[in-house]
Amino acid sequence: MVAKRPVLLAGNWKMYHGPEAARDFLCRLGEAVQSTPLIGAALARHSLSLAFFPPAVSLHVFQENRDTLPFLKYGTQNVHWEKEGAFTGEISVPMLREMSCHYSIIGHSERRHLFGENDFIVERKVRACISGGITPVLCVGETLEEREKGHTADIVERQFIAALENVSPEEAKTSLVVAYEPVWAIGTGKTARDEDAQEVCCHIRRLAVLRFGEETAAALPVLYGGSVKPGNIRGLLEQADIDGALVGGASLHVESCLELIKGALETLA
Ligand code: PGA
């Protein structure tokens with residue numbers, strides 16, 4: 001039998017929470033975790049893991065809190081594929097390492113649609129992350145129009161295969177997270193139905209079997225993202241192939257984060 005994969009709750013803060021708000025958030029989150037033994041216990045036995053993706057200007061607040069909040073992982077919402085150079089406005093993988101980051105989100109639909117990132121760019125970023133010691137959280141997902149035309153599986157497959165073209169099974173096993181984020185569900189309040197999200201996450205795991213083999217695919221964290229909230233997280237996490245959530249709006253406030261964590265803990269019981 002395959003061991004149960006840990007639950008990963010990842011908060012994508014997008015362009016919210018500068019350093020002051022981040023400091024206040026972490027202070028209150030730390031207090032809440034300390035006073036809730038159930039959460040502390042799940043984090044200690046690694047059945048639950050928490051990660052946040054603040055704007056880059058707030059990363060140092062997470063770095064400063066590494067000793068007080070050792071369970072907290074963090075990363076960026078984007079990264080450039082080159083190590084350094086004349087790329088105004090960009091940051092690189094070695095810079096992320098210097099900030100003690102664990103992850104970077106790659107290929108979020110807002111990057112793809114608002115900033116013109118295509119499969120080719122996403123592939124370079126994934127490769128730069130993995131070779132530089134940062135775990136990419138690769139986002140894939142279809143638009144509403146693509147879903148309505150019945151193209152969801154094909155779109156997800158194309159994005160998955162293109163992004164991971166140069167990743168070995170060994171690398172995928174130790175340093176990869178995939179997030180299924182249907183574009184029509186992001187920031188809209190419309191969540192995918194549990195069974196629809198499961199169907200696509202199962203498809204992603206099948207693609208991982210073909211690409212990397214059974215063992216790596218069985219261990220691969222596959223998240224769902226798109227209007228995840230305290231009221232719907234439980235049903236999503238109960239699905240066999242959904243190992244966590246990438247959460248935007250509901251990750252911005254400590255109270256809703258705690259509700260999300262509690263919902264996740266119920267599925268671990
Ligand atoms: P949302 O965002 O939870 O606000 O829909 C999710 C995401 O963009 O990752």
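Which residue's side chain meets that of Arg28 in a salt bridge? I looked this up and found Asp24, at 3.7 Å, N to O. I count a salt bridge when a side-chain nitrogen of Lys or Arg is within 4 Å of a carboxyl oxygen of Asp or Glu.

Note on the model: it is predicted, local features need pLDDT of at least 70, side-chain atom pairs need pLDDT 80 or more, and totals for chains, interfaces and linings use all residues. Numbering runs from 1 along each chain as its sequence is written, and side-chain values use heavy atoms, leaving out hydrogens and water.

Back to the pair: Arg28 and Asp24 sit about one helical turn apart because they are four residues apart in helix 1 (residues 19-34). Helices here are DSSP runs (H or I, at least four residues), numbered from the N terminus.

Next I checked Asp119, which forms a salt bridge with Arg158 at 2.7 Å between the closest N and O atoms. This pair links helix 6 (residues 119-131) to helix 8 (residues 152-163), 39 residues apart. I find Asp119 buried at 17% relative accessibility, while Arg158 is partly exposed at 43%. Buried is under 20% relative accessible area, exposed over 50%, partly exposed in between (1.4 Å probe, protein chains only).

I also looked at Lys173 and Glu215, whose closest N and O atoms are 2.5 Å apart in a salt bridge. Lys173 is in helix 9 (residues 169-174) and Glu215 in helix 11 (residues 214-219), so the bridge ties together parts 42 residues apart in sequence.

Last, I noted a salt-bridge network linking Arg5, Arg205, Asp241 and Asp243. The structure holds 19 salt bridges.

Notes. Helices (H or I, at least four residues) and strands (E, at least two) are DSSP runs, numbered from the N terminus.
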